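This briefing concerns the sheet and the nonpolar cores of the structure shown below.

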Amino acid sequence: AVVSTQSELEAKKEVEVLRNEVSEIQKEMAWYSLHVAAAAACRGSTATGGSGPHGNMVFAKENTESCATQCAKTIYSICDADVSIQGTVGKATSYTDQVGMFYNYGCATAGNTNVKFDEVKADDSAILEGLGIGFYRFCCCRYP
């Protein structure tokens with residue numbers, strides 16, 4: 001009976017470790033998916049689709065600062081857009097299902113300063129816990 005209890009405890013510990021690993025992978029994939037969507041939103045929000053001899057960059061937007069100011073702090077100093085995006089969970093089942101939302105606030109102002117839209121200030125698991133609550137915002141910046 002003691003051997004059975006030890007094996008049972010070890011199995012429970014292993015299951016818990018695996019659950020934690022899956023949870024971490026889910027968070028990482030959710031953040032990754034959001035970042036890819038942000039890059040696509042930036043690509044679609046620029047007049048030229050992004051131009052120049054360098055790759056264009058997407059940065060998480062600080063909620064209290066304009067993207068023009070934020071881009072200027074990097075070598076990608078030209079702001080093309082300030083995008084705010086949110087997606088829905090699950091597969092679309094019809095061509096009229098709403099699967100995401102977006103805004104382009106423009107580069108000149110801070111726009112909506114709600115701290116919940118600031119990825120850097122969010123908790124690591126906010127990507128999973130905050131579904132349907134708010135948008136995350138990004139600066140679309142270009143090398144001059």
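**Nonpolar cores**

The largest nonpolar core has 13 residues, and Leu34, Val83, Ile85, Tyr136 and Phe138 have the most contacts inside it. A nonpolar core is a set of buried Ala, Val, Leu, Ile, Met, Phe, Trp, Tyr and Cys residues joined through side-chain atoms within 4.5 Å, where buried means under 20% relative accessible area with a 1.4 Å probe, protein chains only. This is a predicted model: local features need pLDDT of at least 70, side-chain atom pairs count only at pLDDT 80 or more, and totals for chains, interfaces and linings use all residues. Residues are numbered from 1 along each chain as its sequence is written, and side-chain values use heavy atoms, with hydrogens and water left out.

- A second, separate core of seven residues includes Cys71, Tyr76, Cys79 and Cys139.

**Contacts of Tyr136**

- Not counting residues up to four places away in sequence, Tyr136 touches residues including Trp31, Leu34, Val83, Ile85 and Phe117 (contact: heavy atoms within 4.5 Å).

- An open sheet is formed by four strands in the order 1-4-2-3, with antiparallel pairing; two strands pair if DSSP finds at least two bridges between them.
- Strand 1 (57-60) and strand 3 (100-104) are the edge strands, each pairing on one side only.
- Strand 2 (residues 78-87) and strand 3 run antiparallel and are joined by five bridges.
- Ile85 has Phe102 in strand 3 as its bridge partner.

Definitions and conventions
Helix = DSSP H or I, 4+ residues; strand = E, 2+ residues; numbered from the N terminus. Buried < 20%, exposed > 50% of the residue type's maximum accessible area, 1.4 Å probe, protein only.
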